[in-house]
Amino acid sequence: EYNKMSKISFWGSVTDSDALGNRRLRIVSTLLFVVFSLALLARYGYVWKWVESLSLFVPDPVFFRSFLNNPGGMLAYAGAFLTQFLYYPFWGSCLLVLLLLGTQQLTCRLFRLEGVSYLCSFIPSFLLLTAVLDLGYTWATLKAPGHFFMPALGVIFALSCLALFRWVKVYYARLVLLPVIVALYPFCGFYALFAAGLCLIDECVNRPGKKSWVVALVGVVSIVLFPKLYYYGWGATEQELSRLYVAGLPPFYIRKAEFMLWLPFLLLLAYYLLLSLGASTAGVADRSSRWRASGSWGLFVAGMLFTLWQAYGNPNFEAGVRSSLAIEAGDWQEAAKEAGRVRVGATRDVVINGRMADSYLGRPVSQDPVPMIPATYKDSRQGLLTFMQLCGLNMNYYSGQTNICYRWAVELSVEYGFRISYLKLLVKCALLNGEYALARKYNDQIGQTLFHKDWAERYGRMIDQPELISQDPEFARIPKDPLPNRFVE
């Protein structure tokens, strides 16, 4: 009898042949997920480089405290720290994939997805991957620092709370633990409420009885009341009352145009709700059941296809982002090449980036009318604010309109918070205007980042020795007299 059985696993006894098959399935499915995720993230590497430039993290107490004024601030702070690694898109992508694998492993263990059902544990990871691939232009106007990593961090937090809740065997300890989890709302926002919801469902499903309903009642009351107590009791909060229970989720609009951005999160909630309600019947899967195997593989493939379908694809977006990054790097050949990829129907930012590149390369600049700024870019917010970040700031700077560039960089910083791309232009404009103390203020922030210290050191030398400014090739080409319509008409 002993020879027919393997050792006792975490979820029960399985035969040696089953264990071998399960091990192979785990290896194959995990490799498929990792290769698929890294390949897709690599395809959008230019976006992640841009996303990093739209973020900022400095190890400063004031910067840290600014995150505590909104529910979910600790997750956002952790996400902002990790976003720095998108400076190298591949390594930043690897960090995200590791978090997605952590989510998958927690899901598998907590909900006993063994055998071919192991494949179903990848569904949340596919949805979380989709949540960063489907934004497109929305990245420019998204007021959610660290969003690239924050959803995965939030789900891992919620699942970890559920694991802790299950580990606690004493009834009264669980009764106390549930409101404690909800009390983490100021730091984890919606994900604390989500974690409490998973715990109270688990209590009712896996420990049925009168006592479980008491725990559920305490949980529901805590979930309903604590955010209200936080809102009215924490005077420094910047949270809107209308979004109190979804604080920590990305601030997409509740409208038809952005429904597809909400879809991964809605499906994620539905997935965990169904798993939680069916947890009492979860167990070691029957590998001989063809329908179970077909269904599990079908869900795995459907997750891949859904992610591919939702991944944002727009030639104007790609050309705009790539040419903007090339301009920031001073690579005008690359900027002209990328902007020239869109032959028909180019947006205003792509056209102007191309004209800037042609001008700096000494080529003839087209005098054709420039497309108007759309009221909203595809799937995005205000068209003007998106345009300014893709093109407008650079357009004003390289036209010699440094005061307008500076004003817009400050306005955008007020709207979205300081970002690396804004700070760099603020430093340059301050140097050109002879405001060296102001330039130092902004440059010191850049110098505290992980991967922009060399940039800060270079411009720091110009702040200390202003005579170096006139010797810099970039500054030498900025017109002394502003040219309002140089690249537009």
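This section describes the nonpolar packing and the salt bridges of the structure. The model is predicted.

The largest nonpolar core holds 153 residues. Within this core, Trp48 and Trp139 touch the most other members. Leaving aside residues up to four places away in sequence, Trp48 touches Leu41, Leu86, Pro89, Ser93, Val132, Leu133, Trp139 and Phe148. Another core, of five residues, lies apart from the largest one. Its members include Ala339, Val342, Ala346 and Val350.

Helix 6 spans residues 123–133 and is mostly covered, with eleven of its eleven residues buried. Val132 and Leu133, both contacts of Trp48, are among these buried residues.

Leu217, Val220, Val221, Val224, Leu225, Leu229, Tyr245 and Val246 make a nonpolar surface patch of about 670 Å². Val246 sits in the loop between helix 12 (210–233) and helix 13 (259–277). Its relative accessibility is 31%, so Val246 counts as partly exposed.

The count of salt bridges comes to 14. Arg174 and Glu203 pair at 2.9 Å, N to O. This pair links helix 9 (residues 171–182) with helix 11 (residues 190–206), 29 residues apart. Arg174 and Glu203 are both buried. They also belong to a salt-bridge network with Arg166, Asp202 and Arg207.

Lys424 and Glu328 form a salt bridge at 3.7 Å, N to O. Lys424 lies in helix 20 and Glu328 in helix 15, so the bridge ties together parts 96 residues apart in sequence. Lys424 counts as buried because its relative accessibility is 10%. Glu328, at 34%, is partly exposed.

Key:
Residues numbered from 1 in each chain as written. Predicted model: local features only at pLDDT ≥ 70, side-chain atom pairs only at ≥ 80, totals over all residues. Heavy atoms only, no water. Buried < 20%, exposed > 50% of the residue type's maximum accessible area, 1.4 Å probe, protein only. Helix = DSSP H or I, 4+ residues; strand = E, 2+ residues; numbered from the N terminus. Patch = residues over 30% accessible without salt bridge, like charges linked within 9 Å, V, L, I, M, F, W, Y side chains within 5 Å. Areas by Shrake-Rupley, 256 points an atom, 1.4 Å probe, with all protein chains shown as cover. Salt bridge = Lys/Arg side-chain N within 4 Å of Asp/Glu carboxyl O. Core = buried A, V, L, I, M, F, W, Y, C linked by side-chain atoms within 4.5 Å. Contact = heavy atoms within 4.5 Å.
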